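Work each one out first, then read on for the solution.

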Amino acid sequence: MASYQADFHGHATVLTIPGLNGSGPSHWQSLWEESRVDTTRVDLGMWTMPHRNAWVTKIDQAVRSTRAPIILVAHSLGCLSVAWWAQLSPQPYGWPVAGALLVAPADVDRTDARDELRGFAPAPRTPLPFPSILIASNDDPWIDIDRAHSLAVDWGSHFVDAGPQGHLNAASGIGWWPEGQELLERVIAASGAAHGRSMAPGDARAILAVNATDAAEAHYLGGSMMR
């Protein structure tokens, strides 16, 4: 298992968690990994035939071998993997995982969910032990926007509606996705990583509530909103 280490004190290590089939070279996760010195992918393996417990174990191994604070950046089924990891591997609030950006979670509970997703059902309903933003598109074929909002409520995540952008992947044409980078910086700010310690939950929520709203309004031209 690779050892992921932060290169400098007082900065977070960003671990990306892809979904089904992984993230290809033009996916924003791959582009962030190439352009950000603080960002590394967790190799979950079994990309085409994912197994919940195996993926949770891989995330746990990555977290344990990474210098805190850690920010998880998950996409699609990766979001469900993070939620399951948080439920099965509880931690004190904000440490070592200090925050998460959860993008376009897949709905594993829908009646027409693909077989590859069913092993992650039912979706956990336990609040995440770190500040987080969940962002979803209102025309995502993998999840209805109301269901995405429901997951955000269950997980205690601040919710951002990204408007009609599909599955927020390479096919969405968002490239390096600067809007997502802006929201990631909001999560890092709310995590307290700059101070080398976690923030109190109330303080973290206050930062996300203000800054995530600003980011959504600035980058989605009013088409996004916090709920």
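The exercises below cover strand pairing and aromatic contacts in this predicted model.

**Exercise 1.** Find out which strands pair with strand 4, and in what sense.

*Solution.* Start with strand 4 itself, residues 97-103: 7 of its 7 residues are buried. On one count, strand 3 (residues 70-75) pairs with strand 4 in the parallel sense, over 6 bridges. Here I70 stands opposite V97. To get from strand 3 to strand 4, the chain runs through helix 3 (residues 77-88), and this β-α-β crossover is right-handed. Next, take strand 5 (residues 132-136): it also pairs with strand 4 in the parallel sense, over 4 bridges. There, V103 stands opposite I135.

**Exercise 2.** Classify the ring pair of W28 and W177, and work out which parts of the chain the pair ties together.

*Solution.* First the geometry: the centres are 4.9 Å apart and the planes make an angle of 55°. Edge-to-face needs over 60 degrees and stacked needs under 30, so the W28 and W177 pair is tilted. Now place the residues: W28 lies in helix 1, while W177 is in the loop between strand 6 and helix 6, so the pair ties together parts 149 residues apart in sequence. Check burial too: W28 has 0% relative accessibility and counts as buried, and W177 is buried at 0% as well.

**Exercise 3.** Classify the pair of W47 and W55.

*Solution.* The centres are 5.6 Å apart, with 65° between the planes. That angle is over 60 degrees, so the pair is edge-to-face.

Methods: Residues numbered from 1 in each chain as written. Predicted model: local features only at pLDDT ≥ 70, side-chain atom pairs only at ≥ 80, totals over all residues. Heavy atoms only, no water. Buried < 20%, exposed > 50% of the residue type's maximum accessible area, 1.4 Å probe, protein only. Helix = DSSP H or I, 4+ residues; strand = E, 2+ residues; numbered from the N terminus. Pairing = 2+ DSSP bridges. Right-handed = clockwise from strand over helix to strand, strands pointing away. Phe/Tyr/Trp six-rings, centres within 6.5 Å; stacked < 30°, edge-to-face > 60°.
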